[in-house]
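Thanks for coming. I have one structure to go through today, so let me put it on the screen.

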Amino acid sequence: MTQSVDAAQNRKIANTRIKRMKLSNTIAKNILFLFAVITILTTLGIIISLLRDSVGFFTEISIKDFLFGRVWTPLFSEPHFGVLPLVCGTLLITLISAVISIPVGLFTAIYLSEYANKKVRKVIKPILEVLAGIPSIVFGYFALTAITPFLKGIIPQTEIFNALSASIAVGVMTIPLVSSLSEDALRAVPDSLRQGALALGSTKMETSLKVVVPAAISGISASFVLAVSRAIGETMIVTIAAGARPNLTFNPLQSVQTMTSFIVQASQGDNPHGTVGYYSLFAVGLLLFLITLGLNILSHYMVDKYRKEY
């Protein structure tokens, strides 16, 4: 009789515990779903805001004139709204910064993953993390007060505000992004691939470049795309160091204006609300959003296409 009572109590306790577990799982699931919905709604809100305010611009300016026009003077008495100078400045700074950050970041990741011992890794990793945590405005003033004078000493025709110094600063800023993500991808490669290549007579360098890097190419390529996307969206460095002259040029020694720096300039109240110049702020923001969205889609595509499971 006592055993049956104890068994009934144990079943009751077990059922109560199961009910509590189900309730806690349901609550946790609903909270996480709520956070996911908030993220989606925030993204939709940004898209709707850009589209709604861009309509006022494209009712006055055709998409063709906006995308292919070569003069950007929204504050002049006779305004022109050709966005090509802003796109050219953005791409110029992005390309030069990518030339700096991608090889340096990749080879740093290879060294940390394949060559560095634990003591060296413990020193270099925190330095990279500190570099990643420096505010972009600090990089901007560093480019203006240190990089630009250095460039002017080598190339006297360098302007005070120029694309090259801003590109160098953006490249240095995005090095930790490339190195960190690439190192994670390299360290995820199984050691059996390394040992097999070494057993076949490959050198350490050959194993790293011809076996490990190709095996981690999906994560590495994603880090490249994300670094480029980060460079395109950079604001403070280009605003401080690159200048504010919408110049359709590929000369990095001249002053240029990027899409993000124009958004900063237009947000300072120079454009009266409701004017075409005011709505151009949202048109440029929409174009920038579409470019970064395309890069993120490209990043996911490359990860899915080149992903290898071991």
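I will take the domains, then their interface, then the annotated spans and the salt bridges.

A caution to begin with: this is a predicted model.

The chain splits into two parts, domain 1 at residues 2-59 and domain 2 at residues 68-309. Taken over C-alpha atoms, their centres are 37 Å apart. The contact draws on 9 residues from domain 1 and 9 residues from domain 2.

Now the interface itself. Between them, domain 1 and domain 2 bury about 870 Å², and 85% of that is on carbon and sulfur atoms. On the domain 1 side, the residues that lose the most area to domain 2 are Leu 50, Asp 53 and Phe 57. Together these three account for 62% of what that side buries.

What about polar links across the interface of domain 1 and domain 2? There is 1 residue pair in polar contact, and there are 0 salt bridges. Sorted by class, the side of domain 1 that touches domain 2 has 5 nonpolar, 3 polar and 1 charged residues.

Next, the annotation. The UniProt entry, which is unreviewed, places the feature "transmembrane region" at residues 27-51, 83-112, 124-148, 160-178, 211-232 and 276-298. I will pick out two of these spans.

Residues 124-148 are 92% helix and 0% strand, with end C-alpha atoms 27 Å apart. Residues 211-232 are 95% helix, again with 0% strand, and there the end C-alpha atoms lie 31 Å apart.

Last, the salt bridges. How many does the structure hold? The count is 7.

Note on methods:
Residues numbered from 1 in each chain as written. Predicted model: local features only at pLDDT ≥ 70, side-chain atom pairs only at ≥ 80, totals over all residues. Heavy atoms only, no water. Domains from an automatic or database assignment. Contact = heavy atoms within 4.5 Å. Buried area = accessible area lost by both parts, 1.4 Å probe. Salt bridge = Lys/Arg side-chain N within 4 Å of Asp/Glu carboxyl O. Polar contact = N/O pair within 3.5 Å; in protein donor to acceptor, adjacent residues only side chain to side chain. Nonpolar A, V, L, I, M, F, W, Y, C, P; charged D, E, K, R; others polar. UniProt positions renumbered as here; feature names shortened; annotations may be inferred. Helix = DSSP H or I, 4+ residues; strand = E, 2+ residues; numbered from the N terminus.
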